[in-house]
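Visitor: Could you take a close look at one part of this model with me, and then show me what surrounds it?

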Amino acid sequence: MPKVKMPRSTPALDMTPMVDLAFLLVTFFMLTSSFRAPEPVIVDPPTSTTEVQIPKQVFLATIDAKGRVFIDITNNNVKIKVLKKILKSRKVAQLSEEDFKKFAGLGPIGISVKELATFMELESNERTAYSEAAKGIPYDTSSKINQCELYEWALETRLEAHNDFKEREEEAKLKNMEFDKSNYIQFAIKADGKAPYKTVQSIIAVFREAKVKNFQMITGLESSPTN
Amino acid sequence: MAELQTGGGDSGGKKRAKKQSTRVDMTPLVDLAFLLLTFFVLTSTFSKPKVLRMIFPEKLKDPINQKVPEVKNGLTILLTENNRIFFYNGALDKNTVLTETDFSKDGIRKVLVERNLGLIKQLQEFEKELDKIPAADTAAKSKVLAKVKDAQRKSTLVVLVKTDDKATYKNMIDMMDELLITQIAKYFPVDEGFMPLEKTLVQNQLKS
């Protein structure tokens with residue numbers, strides 16, 4: 001009997017379509033994804049059944065379970081303008097233009113403006129550690145209300161948000177472009193579910209002193225009840 | 001092409017000019033592509049967080065001289081430690097009895113639905129009306145929406161939510177969510193917390 005000769009074939013596979021697809025997906029995800037902002041504190045917000053999406057631009061106050069407040073403004077221009085105003089009113093030395101830009105990209109911060117100069121000098125990994133150990137933005141209102149830093153942040157942001165909106169409206173008018181009216185900086189609060197409501201309430205009270213009335217409480221998603 | 005280079009070559013004979021293969025080994029490329037793919041899939045945030053809107057009135061300069069609105073159909077909800085909730089109807093006096101309930105579907109939601117049934121039914125009617133109106137007819141739509149607003153304004157049920165020091169933020173959000181689900185038209189979180197009598201009533205309930 002003759003030996004059965006197995007044909008010597010190479011296990012070749014045309015991978016071109018697969019590579020095409022893979023790169024297509026990579027491109028898609030690269031272009032659509034927005035990265036999660038670095039967060040100095042991890043908070044676990046409670047869930048709710050609302051389906052209202054977060055506004056495009058927010059002043060975000062993050063409150064952790066211990067009651068520390070971290071703030072962030074999603075509009076970098078406004079963030080820098082607000083900080084400049086606060087530094088001026090508190091007679092703290094201004095930062096360099098470069099540092100302002102760096103500051104805008106840092107994400108939520110939870111330190112007093114007095115510590116800002118030292119904070120900016122740190123390396124980025126030291127900064128994260130510093131932020132994690134920070135005390136949060138001071139919001140004690142026992143002395144005069146305009147001594148309270150959180151109050152100042154809220155007030156200046158409210159004013160700047162208005163200016164920023166007007167500026168963009170005018171610019172759009174000049175260029176004859178459509179203007180997105182929904183793009184107004186709003187105040188959002190992201191608090192940990194375990195934080196005492198009293199703490200959140202006293203922080204909201206500071207905002208209310210600054211004539212901020214409308215709050216967007218960030219919540220996780222929960223399926224809405226049927227019926 | 002990913003291809004195993006099976007050795008061999010011709011076993012002697014004529015020497016031919018070696019045919020240079022134009023194929024490139026794509027395996028590392030594929031590896032890299034999928035690595036990137038996995039990275040972007042895992043890091044991208046798809047769903048934006050949802051928000052629950054809360055509107056607070058401006059702080060009053062002179063709270064003492066404010067007119068106290070008359071409440072005929074009141075419901076006061078007290079949030080306290082360990083996710084416990086109590087409620088009572090109407091005004092607070094010596095004979096007030098607290099009822100305990102919880103955040104489950106048959107707890108506070110049932111209570112609120114029962115109290116708000118009139119408005120819920122009205123709103124359902126309006127919703128049906130809205131569904132019938134074609135999308136282009138904005139005038140008719142705004143007419144119905146005005147009716148909705150009117151019904152909400154005329155609703156007599158007023159829900160007050162009070163918290164003590166031990167209630168958590170989660171309790172408050174859950175409560176607000178329930179109020180939204182049951183379509184309560186008038187509800188207010190109370191800044192001042194419990195009144196002294198409420199405090200003792202809750203303390204008695206917690207002890208027993």
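**A hairpin and its surroundings**

Guide: Let's start at the turn: β2(B) and β3(B) form a hairpin with three residues between them, and B:Asn82 in that turn has a positive phi of about 50°. Strands here are DSSP runs of E with at least two residues, helices are runs of H or I with at least four, and both are numbered from the N terminus. Residues are numbered from 1 along each chain as its sequence is written, and chains are lettered from A and ligands numbered from 1 in the order in which they are written. This is a predicted model, in which local features need pLDDT of at least 70, side-chain atom pairs count only at pLDDT 80 or more, and totals for chains, interfaces and linings use all residues.

Strand β2 covers residues 73-80 of chain B and β3 covers residues 84-89; six bridges hold them in an antiparallel pair (two strands pair if DSSP finds at least two bridges between them). Across that pair, B:Leu79 faces B:Ile85 in β3(B).

Stepping back, chain B has six helices and six strands, in the order α-β-β-β-β-α-α-α-β-α-β-α from the N terminus. As for confidence, pLDDT (the predictor's confidence in each residue, from 0 to 100) averages 78 in chain B, with 84% of the residues at 70 or above. The whole model scores ipTM 0.72 and pTM 0.72.

Another strand of this chain, β1(B), residues 50-55, reaches across to the partner: six bridges join it to β6(A) in the antiparallel sense. There, A:Thr219 stands opposite B:Lys50. Overall, 52 residues of chain A are in contact with 45 residues of chain B, contact being C-beta atoms, placed from the backbone, within 7 Å. On the chain A side, α1(A) gives the largest share, nine residues.

Finally, have a look at B:Ile77. Along with A:Val69, A:Ile71, A:Leu150, A:Ala154 and A:Val206, B:Ile77 touches the most other members of the largest nonpolar core, which has 66 residues. Such a core is a set of buried Ala, Val, Leu, Ile, Met, Phe, Trp, Tyr and Cys residues joined through C-beta atoms within 7 Å; buried means 20 or more other C-beta atoms within 10 Å of a residue's own, with exposed at 12 or fewer, partly exposed in between, and C-beta atoms placed from the backbone.

Terms used
Two residues are in contact if their C-beta atoms, placed from the backbone, lie within 7 Å.
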